[in-house]
Each structure stands twice: as C-alpha cells, then as structure tokens.
Amino acid sequence: MTFKTLLATAVLASASLTAIHADELKGRGASFPGPLYKAWTSEYFAATGKKINYTPTGSGDGVKSIKKRMVDFAGSDKPLKAKKLKKSKLYMFPSVVGSIVLSYNIDGVKDGELKLSRAAIDAIFSGKATHWDDKIITKDNAGLNLPHEPITTCVRADKSGTTFNFTYFLNKINPEVKISKKPTWKAAKVVAGKSNSGVSANIQQIKNSIGYIEYSFKIKLGLPAAQIENKEGKFINPTVQSFQDGAKYATWTADNDFYAVIGDPEGATSYPIVAATFILLPTEKTDKNKEVTAFMQWAFTKGDKAASELGYVPLPTSTKDEIRKYWEAKKIK
Amino acid sequence: MGGKLFRNFSFFSATLSFFLLIGIFAILFTYAQEALAEFGFDFLLTETWEADEDDEGGVFGGYIPIIGTLLSTLIAMSIAVPLAMGIAIFLTEVASENIAKPVSIAIELLAAIPSIIYGMWGLFYFAPIVQSTVGGNGVGLLTAGIVLAIMIIPFMAAITRDAMNTTPHVLKESAYAMGATKFEVIKDVIMPYSKGGIIGSIILALGRALGETMAVAFLIGSVMSTVKNVTDPTTSIPVLLANNFAEAQDLEMSSMYYLALILFVVSFVIISTAKFYFLGRKPK
C-alpha cells in the first residue's frame, strides 16, 4: 500500500513538474544580444509571471536549433535570405540594434585613446600590420607611446553572428575579406575564444591584444575601446549616441522579412560597426509564436529603457509598427 | 544465493563495458562515413578547417588538432611523470609521518578539483605569468601542456604512492640487510614490485590528458594554425569538438566524428601498447 502511494506521488510530482516546464518558452542563439535578452526576460517574468529561457550559444547554433525545432525561437545576428527562410519554414524580424567595439589591452593606453583608421583595422586583422608601433597605426596616434610588441588578435572560436557583422565592416574597407561567421583569419597572431565572453576574457588576460566584442561586454568588464574611423573619415568614440546616429540610416521592410545588414552607415557622427539582431520563428507553431510575439510586443513597448542602459539601440518606431503589421499578416500576433 | 547473484552481476557489468566499447566505436565509425568517403586518409594531412558559407560542405582536415593533442599530451606527460614519481617516492620512503600525512591529503584534494576550475585558474592567473616569463601570448601549447601536467600529477602521485606501499616490508628489509642504499632499494625492489600499479596510473593519466577538454579549451588558443614555437596557440581534438559541435552540420559534423574516431583509435593503441609491453611479461 505504501509503495503504491509513493509511486503515485512520484508520478504526480513529475507530471506537474514537466507541465510547469512545458509552458516555459525556450530560445537559443546569438550571444550578441545575450545581456539584453537576459534583462528583458527577467523583467517580463516580474511583470507577467511568464518564464522565458534564452541561452546564448552563438548565431550558428541558434539557426541550427530552430531548423530542427529544438527551441521555440532563435536569435541570429546574421539574417537569413528569403530562400533559406522558405526552405526551413521560418519567420524573421529584428529585435534590437547593437554595436561591436574593438577592445584592446595595451599598457598605458586608456579607454578611447587609441584611434584606429579603416586602413589600420584592415592591416591588423589581415596581418599586414604585425606590431603596435607599425606606421599605419602610429600615424593617427601621435600622442601615444605604442610599444614595439607583436599584436595578438582575439577572435571567435565558434560560428558567430558578431563575426559576420564585423567581417561585413572589414569587407567594406577591403573587398578581399570574406564575410563569414567563422573565417580563416590571416592576422599574424590569432587567439580564439568561445562566445563574446571568451573573447573578452582573452583580451583581459593577454597583453598587447585587440579583439572585437559587443558593446555591453566592454561596459560590463570595463575594457578600453578604440575610436574608429567611419565612412566619412571621422574618428568616432563608441557611445550610445553614436550608435543611434548610425542606426537611423537603417532601412527595414517586411517585404523581404526585414533582411538587412546595417553596418558601415553614412553620417559624420555615425559609429560604423552597428548591427541588428534577429528573431527566428517556425511558421507552423502558431500558438507558441503568439507567446513569443507577446513577449516581443512587451519588449518593444516597455523594454527600451533596459536596452539603452545596456548600450543597445531600440528599433525606430516605424520599424516596430512594420513588425507588428508583419505579425498580423502572418497571423502570429 | 548471494554469491551467485554477485557473480552474475559482475559478469553482466563486465560484458556491458565490452559492449559499450564496441557500441561507441560503431557509432563513431558510422557517422564518420561521410567524411571518410569525402576525404579519405588525406584528412590526416590537411591543415584547413573551413565550412562553406551555406553550411553544406567545406574542406576539413585533422592535421592541426591531431598534432595539437599529441604535443600537449607529450609536454604534460614529460613534466608530470617525473614529478609524480618523485612525489610518490617522497611520500613513501623519504618523508616523516608528520609531513607525509598532510601532503598526502593535499594531493588527494588536488586530484578531486574539477578540470574547468584548472582552466579558469590557468587563464586568469597562470597565462599572464607564462606570457611574462617565456613570451608569446600567454595562451598557447606550452600553457596548456603545463596546466595539463598540474592536473594529472596529483592523481598519478596518489596511485603510485598506493602501489609502492604494497611492497612487502620483508623484501625491503632483506635488501637493506644486504647493504643496499635507499636509492638502490627504491630502484631495484620497490619499483619493479609496484610496476603494475605505476604503469596503470600513468596510463590513466595519459588517457585523461589526451581527452581533456575544458581546461585546454581556455588555454590552448583554439586556432587552426601550426605550431612553430612552443608558445604558439593551436587547437586539439577535444577543443575543436567542444567549440564547433553545437553549430556544425552535415559534412563538418561528419568530419568531427572522424576526428573523434581518430582520437579513440589513438588512445586505444597507445594504452594497449603500454599495457602489453610493460605488463605482458610475467615477473620472474
């Protein structure tokens, strides 16, 4: 008798536990918006009691997981072209704009002091410049004492949407650079880390290194970042205002599921390496999609403050309206 | 009744282990077929690892991770084996009871520390030290090899110490009675007697070093480049698998199974050779 009651209790308990977890929305993908999604999901839980679980495992993993329907939604910094969306039966829309900064670890050079021209950035990441005191770097940094030390470039070890957006920018400077989530880097000394946090850790630990990371990681860890020359030849410090100036040139339309890569915009005050990040949804899961769009609707209306505090740029109102119309058209609102 | 049950259970466990081994090999071999068909044995000498942009094909080669695994293990073993033997000898023959006890406990605690903690400690504390003493990037083959050695020493030392302690006192006493020095007793009486346990501990440590993933992933640099200098960053098989497995598809995934198969075979061959060579001969 006691064994039967024990068994019954165990079955009931596990059933109720699985029922609770079945309600939780699961998402995976880009680590670029990771800190922001973490803030949004915890505020959403406080406001509505609905739990959403987002694991930043990289854009490549996000796309793979949603293709296999292992998660309810995926995050990807690299937008998918219409052909691929059709083949995998996915919907896509942007969630927020962020930026990529070049952080470095050089003794005596503080945050914002290093100025990198477009030519210098290309030289560093393609191996043409091998030491910090190469002329192509020092000619813009007359006031700094750059050491005669080899440059260590910190890159991503995994398939990364952040890398995709950074190589998009490099490609605008030097068309020979391949735009890729995981290119073969031709720089002299390369060290790779897993995810934005791995690259940040490497930059922190390795002297005379430079790497590309999302802006909120720079803020969180207090890493110095370089001024970067934009399309109009001005050196821009990575600040939220400069990201907003760069993001306002972005154009998204629902006709192609908002496919757009917004890097290297015009504008004298625009920070050049801005990027949007996207949410992918499976077309056939209408009910789950409605829950995801409910969360995104909340984020679009109430999440702007959290986004700005972390250094992201909320989408312009017109784009948010277009996205809402897209949801209605796809019947997932 | 109890004896028969125990005998059946142990027989079951033994055969289960055997079938697990066969099963793992079969799965690795099956999933590696696509890469085997595409690359054949050229895989072992190709130095690139690049997926095509549409994630459907690419060129993959295992030369760099294989060399990385072998070199990091070699560095680790050449540092760890002498040190572990030395620690074991110190604990059993040289140290007084008061010193041996706390040191033994410390060794056993060190052996229990999870490997990812060694990785974090290595990255945040040890890598800058290596960078300032030897140069290079801090993260690279040498740092990974040294931290690997630190990870396997406690385990090797503890088991070697236990093996050496099994030497019957009467053997040691007789040797001393015949005028042997301490060193001669260690070399000619204790070591040959505990050979089995010592080789066993070295083999287990070797297995751990070959397959160690997280600690090495933080410290080896994770880049596909050949090593010209011992401090250069490179990659190893477990590190490549850990970094890329989540996102790989089709041919790349199959190539990773191919690499896993190679690691499996290499470990198996090294361990079998060591076992049969050192322990195959019956002691006189």
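This is a predicted model: local features need pLDDT of at least 70, side-chain atom pairs count only at pLDDT 80 or more; totals for chains, interfaces and linings use all residues.
## Strand 8 of chain A

Burial applies to both of its faces. On one side lie A:Ser209, A:Gly211 and A:Ile213, and on the other A:Ile210, A:Tyr212 and A:Glu214.

Strand 8 of chain A pairs with strand 4 (residues 90-105) of chain A through 6 bridges, and the two run antiparallel. Opposite A:Ile213 in strand 8 stands A:Val101. Strand 8 is also joined to strand 6 (residues 152-156) of chain A, here in parallel and by 3 bridges. A:Gly211 of strand 8 has A:Cys154 as its bridge partner.

## Chain A overall

Chain A contains 13 helices and 11 strands. Its radius of gyration is 22 Å, close to the 20 Å that the globule rule gives for 333 residues, so chain A is as compact as a globular protein of that length. The C-alpha trace of chain A spans about 80 × 50 × 35 Å along its principal axes.

Buried residues make up 50% of the 333 in chain A. Of the contacts in chain A between residues at least 6 apart in sequence, 73% link residues at least 24 apart.

## Contact between chains A and B

Between the chains, 23 residues of chain B are in contact with 23 residues of chain A. On the chain B side, strand 1 (49-51), helix 5 (115-134) and helix 11 (237-244) are the elements that each give two or more residues. Helix 5 of chain B supplies the largest share, 5 residues. By type, the chain B side that touches chain A has 10 nonpolar, 10 polar and 3 charged residues.

Note on methods
Residues are numbered from 1 along each chain as its sequence is written. Chains are lettered from A and ligands numbered from 1 in the order in which they are written. Helices (H or I, at least four residues) and strands (E, at least two) are DSSP runs, numbered from the N terminus. The radius of gyration is taken over C-alpha atoms; the globule rule is 2.2 Å times the number of residues to the power 0.38. A residue is buried if 20 or more other C-beta atoms lie within 10 Å of its own, exposed if 12 or fewer, and partly exposed in between; C-beta atoms are placed from the backbone. Two residues are in contact if their C-beta atoms, placed from the backbone, lie within 7 Å. Ala, Val, Leu, Ile, Met, Phe, Trp, Tyr, Cys and Pro count as nonpolar, Asp, Glu, Lys and Arg as charged, and the others, Gly among them, as polar. Two strands pair if DSSP finds at least two bridges between them.
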